[in-house]
Amino acid sequence: MLTQPEHWISCQIGARENYSIPRALYHQNQLAHFITDAWVLPQSPLNLFPKSFLANLRERYHPDLENASVHSFNTTLIQFELTQKLQKKTGWDKVIARNQWFQKQTIKTLTSIADNFINPPILFSYSYAALELFRFAKQQGWYTVLGQIDPGLWEEKIVIQEYEKYPQYRGDWQPAPAEYWQNWQEECNIADAIVVNSHWSRQLLENTGVESKKIHIIPLVYTPPKTASKFVRTYPESFSQERPLRVLFLGQVILRKGIAAVLDAVQLLEGYPVEFWIVGSQQIEIPPHLKTHPQTRWIGHINRSETDQYYQMTDVFLFPTLSDGFGLTQLEAQAWKLPIIASRYCGEVVIDGVNGWILEEVTGDKISILINSILINTGQLSFMSDSLNSRYNLRNFNLFNLSNLLQSLLG
């Protein structure tokens, strides 16, 4: 029997935030149970499977939680994914079906452990897969915390405007159905507290009508790889066609991430010693002349474990998002002493002129002007990289701070 009122149950689909919420709670002896869709131990036979849709399951584990009480649904997850393929479900139908499936499985687990608590626990779940869990929790008299993964409905309005501006990039994108947002708004209503990762998210949630006093800003957590501290970044005295400035875009290749402005910048910088490395799954239609443009390198989808090499091989990180809950890639780039060009519409990582540049507007013009200024004064890159090495660090984004901030939600 658990006797402490501050024990938590943490629920999540996937390896979101590298399991930072359950890890932070476990380190402080406050995690009663962790419930997730898949958990693949190092000795699991699933690690022997050839690469397929099971490939991502190999990364569904963290040694920090080796001795935690973890509940997962590996077998039923595989059955679910196979069924979705046979039924040819895609897009929002599949997203909603997965969220519903996870909640159904999780409620079975919650039902089996509910009587183990003397004092009501705190139930944490991420947005869009929390409604049924919160309904169950409220019936038990539990406290509920919603982890809001993005800025919500208002963000979609921003994305719709971008698709209206760039219809040629539409591809298969569709706005979420009304059901999706109705369920989310009920999640927000039921939640006792809502965690967002940036002032930007808070602002957009308030725009949607979410109760302000419920919203708490807790930045993401990131633990850099040990090898990053020893990494030495060097720059040439000037860039040339033989050694161009390598600009990294890493993330989903979608309009929300600012890819339209990036492709506009590619064309504006034609002939300049600049090369754009575009890493991530492509979910929009790329015009043939940009797909084969000599100043672009289309890397495509990579696994999370492969990202570090791209931070090491490039010269500046471009994060021109139109809207993001935070943008963890900023912390990843920073760990590898890579200067960042970022918009204002995400988590606050970049200090303009210190560890990178703030884009006042997400347009091809603004990006190309900024990149051209780097070409003219390449010494800026070394200065900013050195700033990341000596004056700017990741101390505010650690598990200890996260645990303390989570406890502060309880008053």
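At 0% relative accessibility, Y19 counts as buried. Y19 lies in the loop between β1 and α1, and its phi is positive, about 60°, although Y19 is not a glycine. The model described here is predicted.

**The loop between β1 and α1**

N18 is also found in the loop between β1 (8-12) and α1 (20-27). Phi of N18 is near 55°, again a positive value in a residue other than glycine. In its cover N18 is described otherwise than Y19: N18 is partly exposed, with a relative accessible area of 29%, while Y19 is buried at 0%.

**Overall dimensions**

The protein has 14 helices and 13 strands. Its C-alpha trace spans about 65 × 50 × 45 Å along the principal axes. For 411 residues a compact globule would have a radius of gyration near 22 Å, and the protein has 22 Å, so the two agree. Buried residues make up 55% of the 411 residues. Of the contacts with a separation of 6 or more, 68% are accounted for by residues 24 or more positions apart.

The accessible surface comes to about 18500 Å², and 50% of this surface belongs to carbon and sulfur atoms. The side chains include 35 positive and 39 negative ones, and the centres of the two sets lie 4 Å apart.

**Cysteines**

How many disulfides does the count come to? The count comes to 0. A disulfide is a covalent bond between the sulfur atoms of two cysteines. The sulfur of C11 has its closest cysteine sulfur in C188, at 17 Å, which is too far for a bond. The cut-off applied to a pair of cysteine sulfur atoms is 2.5 Å. C11 is buried, with a relative accessible area of 0%. C188 is in no disulfide, and the nearest cysteine sulfur to that of C188 is the one in C11, 17 Å away. C188 is buried as well, with a relative accessible area of 4%.

Helix α4 covers residues 131-140, and its buried residues are L131, L133, F134, F136 and A137. An α-helix has 3.6 residues a turn, so residues three or four places apart point the same way. What do the buried residues of α4 pack against? Their partners are the strands β1, β4 (122-126) and β5 (143-147), together with the helices α3 (91-113) and α6 (178-190). Just after α4, G141 takes a positive phi of about 80°.

Helix α8 is mostly covered, with 7 of its 10 residues buried. The buried residues of α8 are I259, A260, A261, V262, L263, A265 and V266.

**Buried residues in loops**

| Residue | Relative accessible area | State |
|---|---|---|
| R256 | 17% | buried |
| T378 | 10% | buried |
| F239 | 9% | buried |

R256 has its place in the loop between β8 (245-250) and α8 (259-268). R256 counts as buried because its relative accessibility, 17%, falls under the 20% limit. Leaving aside neighbours within four places in sequence, R256 is in contact with E155, V159, T321, L322, S323 and D324.

T378 is found in the loop between α12 (364-376) and α13 (379-390). Where along the chain are the contacts of T378, once its neighbours within four places in sequence are left aside? They are at P236, E237, S238 and F239.

F239 has its place in the loop between β7 (215-217) and β8. Not counting residues up to four places away in sequence, F239 touches P244, L245, P273, D315, L375, T378 and L381. One of these residues, T378, lies in the loop between α12 and α13. The C-alpha atoms of F239 and L375 are separated by 6.8 Å, and the two residues are 136 residues apart along the chain.

Conventions. Residues numbered from 1 in each chain as written. Predicted model: local features only at pLDDT ≥ 70, side-chain atom pairs only at ≥ 80, totals over all residues. Heavy atoms only, no water. Helix = DSSP H or I, 4+ residues; strand = E, 2+ residues; numbered from the N terminus. Buried < 20%, exposed > 50% of the residue type's maximum accessible area, 1.4 Å probe, protein only. Contact = heavy atoms within 4.5 Å. Rg over C-alpha atoms; globule rule 2.2 N^0.38 Å. Areas by Shrake-Rupley, 256 points an atom, 1.4 Å probe, with all protein chains shown as cover. Lys, Arg positive; Asp, Glu negative; His and termini not counted. Charge placed at Lys NZ, Arg CZ, Asp CG, Glu CD.
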